[in-house]
Each structure stands twice: as structure tokens, then as C-alpha cells.
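Visitor: I would like to learn how to read the packing features of a model such as this one. Could we take them one at a time, with the general idea before the particular case?

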Amino acid sequence: MNGAETLVRTLLASDVRVCFANPGTSEMHFVAALDQHPDMRCILCLFEGGVSGAADGYFRMKGEVAATLLHLAPGFGNAFANLHNARKAQSGVLNIMGDHADYHLRFEAPLKGDTVGISRTVSHWTRVCSEPGRVASDAADAVQAARAGNGQIATLILPANMAWSEAVGQAVAPPPPALRRPLDSEIAAAAKALRQPGAVLLVDGPALWSDLGLLAKRLTKAAGARLMQPFFAARFRRGAGAVRIERMAYRIEDNLALLKGAPALVLCGTTRPAGFFAYPGRPSTPDDPDTRLIDLCSRDMDIAWTLQALADDLGEAKLEADDFVSLAVPPLPSGPITLEKIGQSVAAHLPEDAVIVDEGITSSAPLAPALRQAAGHDVLTITGGSIGFGLPNAVGAAVACPDRKVVVLEGDGSGMYTLQSLWTMAREGLDVTVLVFANRGYQILREEMAAMGEEMGRNAVRMFDVVEPSLDWVALAKGHGVEGVRVTDMAGFNAAFAEAMGQRGPRLIEVVC
Ligand SMILES: Cc1ncc(C[n+]2csc(CCOP(=O)(O)OP(=O)(O)O)c2C)c(N)n1
């Protein structure tokens, strides 16, 4: 037995059963060890950003840590952007990054790089295996770290000679440390603040998709407070049957208006809201300067306990039909394509309990009104603002929930960052329908530039337009083994989307808009 073998045994003994992978030579012994264990599901992604995004989507939907297998420094670098999104989503991800044999590191081999440095920029926990006999316990610690604090990024660096050297045994990850809780006095102060008319409880994490949402609703109703959620969330429930929670807006101006006059803003499972960017002459944060900010329970603390403690103080009001979203399926729209009509058509066809991965950027907002009253579904958003999240996250979500339809709302600019994920969808037969909004450019950046009062000249236009040539998404899908269709009117969209919902397997619909 070698170090790599003890690593794989430890992962399996610790209930890590999926490995999203993009290997290289420094990981060959790890690959060989994985090869001995068919009970570990290894899924090849053709770019490391696909690996990390898939592990993120998997955790968001399954609540379980997946392993990633990443090539030494540059490979991990390619995974960075989606690890950043995963970190902001509070996803637990266990990265296994290979490295050169330790004695080889004193030479300037081509792939040598600062593995520890690049890991630390995005990981909560980083460790280099330095003894073959300790690979198993290092791996157990890494799994524990990935599960700590509601989910963290943990990176174990495995030099090749730690993997290939003789070692024995396996370990099991200890349970994660108990989550921190607010003091009783802090609960009492927050409860008192929430009793003031117009006070807001801002929640995130499982309160947005599990029964904790019911608890949050009952206690805010009892207190007479508003219940709100951030605009970007790792996962939230939407559509029929969802608890009514006010969602914050994307733009700082809208959030300033939403929070104006609130006497208190109590944070539970989230951080103080901040604008996506700073703009000259505008505030960075949307809370009213007169609002009392109460940072009750951060994202890595015990959210369930905190909500129950608030409920114990404030009481729990009975929920009525009005506290839940009702179903309103719109009629099928016809004629030329508009995004509002696309939303209506998606809402009309969406099966119960679908998962929508939202990277539609400017195309998503017009779809939202219809989707709000569609059949109940989960929404995964781009928590870290780093584009190239949608297709990989959909891979992870579909692996986590094979019985649920996954629908991706994808901008054509963002989709190009990680389109290799289409191939993984085809290879694994994942039930994902991708809607690409082909507006042929970086529309949000055009809007941002206009909002700054800047004129667009030739260079700016050429940096925002994705034309000459235009992307052929049907051909791109086909090249990755996914059936694709281009639609230019609502009749075409209705038919293509209905067909995609009626069948299993990956599909792509290029929506010319
Ligand atoms: C990793 C990363 N690179 C660049 C950006 C900047 N950026 C934000 S949105 C965007 C373009 C999005 O275009 P598209 O997906 O087509 O959506 P649209 O704006 O057209 O709705 C870019 C380049 C980013 N957010 N993240």
C-alpha cells in the first residue's frame, strides 16, 4: 500500500464519494489508487474551473463535500475563480492538489509553482503532506476542515513521493467542531430590536431553502419584523410553496430604498450587505446610517440554534396561506422573443422541484417575475460574481440530484468561460437544459459604462461586443456532444423547451435575443 491508497481509503471511510478531477503526471499514483476503488465516482472535467465549480454545485445541493483532483500550481490556478464563488457560497470543498516530489522542488522544473501560496489565497485550510505515513490523518483533517463552519475550502497538497511511498492504514474524518453560538444577551438584544416596527431580519444559508425558513417566518411574523434575504445566495427556494421572503435587489439604489427607515438590521447567517462595486459619490453599503446594525450570527455560526433562540424569545406566529407563494402558471406566449415571455414559457413548463442555476446576468431579471410563481424550485446564484460559474455548477447540482431537472440560465459571454462543462454533461448523461441568452455581447458592461456617463468609442465597443464572428452555440454544443437548437421566436422556444423538459439528458437552447 502507498500514501495515495491510504488517502483514497480515508476519503471513502469519511463518506467522500465523488471526485471531480483533472489530473496530471504529479497525480498519477493518486489516479492509480482511485482506480482501485470503483465506489469513488470520478468525474472528468476538461478544465479546472469546471472541477471547482462542479464541487461547489454539488455541495450546494447535497450538503456533502466532494473531492477535487487538481494538478499542481497552474492547475489549481485555473480552478481559482470558481473556488472563489464556492468560498462566497460557504460551500465545503476538499481540494487534493498534487505537487512535485519534495526533493524535486529545489529544481526549476516547468510546472513548479507556489502551491501553498496559491492555495492560501482562497482556502480556509491548507496543508502539505510531509510524511507518507501521515497522508491518511492529513486527509481526515482536510475532510473535517471542509465540513467545519458550515462549509469551507480545504486544500491538501500531496507531493508525488508522499503518494508513491509505502504507507499503511486509513483514517476517518472526525466530526467538525461545534458551531459557535451568540450569547444569550445578544439574542435578547436582537429580539428586542426586531420588535420595533420596520425592523429587518436578514437571513442566509439553509434558512433560504429548508424548514428553517418557516421558523424565520414565524418568528418575524410574531415580532412584526420584515424577513429579507440577500440578492446573491448559494441556494434559495422560489416559486409555489416557498416561504415569502423579501429578496434584496442588485442595485445599491434599490437596496437603499428597501432598507430606508429600518430601525434595526439583524444579520443571521450573513454579513453586512455591500454594493457589488463602489461608484463615485455613492455609498458602499445600503443600510440607512440611522439603522442599528446587529451582527448576531455570522455565516460560519450555528444558524439553526440562533433562529430557535430568537423564536423562543419572540414567539412563533401561525403561518397562513398568504405567507407562502402561490402557483400562477402563465399562458404560453407567442410572437417575437422577449425575455419576459421567455420567463413565462419557462414558468409554464418548469417541472416541480427543478434546480435553476442562474448566470443569465442581464437576461435573468426580466425572467424573474414569472418564475416567482412557477412550480417550486431551488435557485443557485453567482455568489462571488466570478463569471464562468453556471455550467460547472449545473454539473455538480445534477450529479447531486439526479432525479431533479436542472435548468441553466446562461449569458453568452459568461458561458464561454467554462463551456467544456457541456462535455461533462454529455459524458455523464446529466439532466441539464442550458438556455444561452445570445445577446452577442457583454451587455452588463455596456450598461455600467453608460451609467458612468462615458461615451463608447471603437475600443470600448469592440471590448463589449461578441460579434464578427458571432458564436454558434448550436455548433459549440454539438462539438461537446450535446444536442442544441437555435430559436428566434416564441413558438420555437416553447417547442424546444417543452421537449427538453419532457426528456432526460443534456440539451442546449440558444435564445437569440
Ligand atoms: C472572472 C470574471 N471575469 C470578468 C468579469 C467581468 N464581467 C462581468 S459580467 C461580464 C460579461 C457578461 O456577459 P454575458 O454573460 O453575455 O451577460 P450579459 O451582460 O450580456 O447579460 C464580464 C466580462 C467577471 N465578473 N468575472
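Guide: Let us begin with the term nonpolar core, which is a set of buried Ala, Val, Leu, Ile, Met, Phe, Trp, Tyr and Cys residues joined through side-chain atoms within 4.5 Å. Please keep in mind throughout that this is a predicted model.

Visitor: Which residues touch the most other members in the largest nonpolar core?

Guide: The largest core has 47 residues, and those that touch the most other members are Phe20, Met425, Val432 and Val434. Its largest share, seven residues, is supplied by helix 14, residues 390-400.

Visitor: How many of the residues of helix 14 are buried?

Guide: Eleven of the eleven residues of helix 14 are buried, including Gly390, Pro392 and Asn393 as well as Ala394 and Ala398.

Visitor: How should I read the buried residues of a helix, and what does helix 2 show?

Guide: An α-helix has 3.6 residues a turn, so residues three or four places apart point the same way. In helix 2, residues 28-35, the buried residues are Phe30, Ala33 and Leu34. Because these residues cover an arc of only 100 degrees around the axis, they lie on the same side of helix 2. They pack against helix 1 (3-13) and against several strands, namely strand 1, strand 2 (41-44), strand 3 (66-70), strand 4 (93-99) and strand 6 (153-159).

Visitor: What describes a pair of aromatic rings?

Guide: Such a pair is described by the distance of the centres and the angle of the planes. The structure holds eight aromatic pairs, and one of them, formed by Phe20 and Tyr58, is edge-to-face, with 6.0 Å centre to centre and 70 degrees between the planes. Since Phe20 lies in strand 1 (residues 18-22) and Tyr58 in helix 3 (residues 48-62), this pair ties together parts that are 38 residues apart in sequence. Phe20 counts as buried at 0% relative accessibility, and Tyr58 counts as buried at 6%.

Another pair, Tyr250 and Phe276, is tilted, at 5.5 Å centre to centre and 50 degrees between the planes. Tyr250 sits in the loop between strand 10 (246-247) and helix 10 (252-259), while Phe276 sits in the loop between strand 11 (264-268) and strand 12 (292-297), 26 residues apart. Tyr250 is partly exposed at 30% relative accessible area, and Phe276 is partly exposed at 36%. Together with Phe231, Phe232 and Phe277, these two residues form one aromatic cluster.

Visitor: Which charged residues lie over a ring?

Guide: Arg247 lies over the face of Phe231, at 4.0 Å from the ring centre, and the charged end of Arg282 sits over the ring of Tyr279, 4.4 Å from its centre.

Visitor: In what order do the five strands of the open sheet run?

Guide: The order is 10-8-7-11-12, with parallel pairing. Strand 10 and strand 12 stand at the edges, each with a single partner strand, so one side of each has no neighbour in the sheet. Within the sheet, strand 7 (residues 200-203) and strand 8 (residues 226-229) pair in the parallel sense over three bridges, and Leu202 has Met228 of strand 8 as its bridge partner.

How values were computed
Residues numbered from 1 in each chain as written. Predicted model: local features only at pLDDT ≥ 70, side-chain atom pairs only at ≥ 80, totals over all residues. Heavy atoms only, no water. Phe/Tyr/Trp six-rings, centres within 6.5 Å; stacked < 30°, edge-to-face > 60°. Helix = DSSP H or I, 4+ residues; strand = E, 2+ residues; numbered from the N terminus. Buried < 20%, exposed > 50% of the residue type's maximum accessible area, 1.4 Å probe, protein only. Lys NZ or Arg CZ within 6 Å of the ring centre and 35° of its normal. Arc of directions from axis to C-beta. Contact = heavy atoms within 4.5 Å. Pairing = 2+ DSSP bridges.
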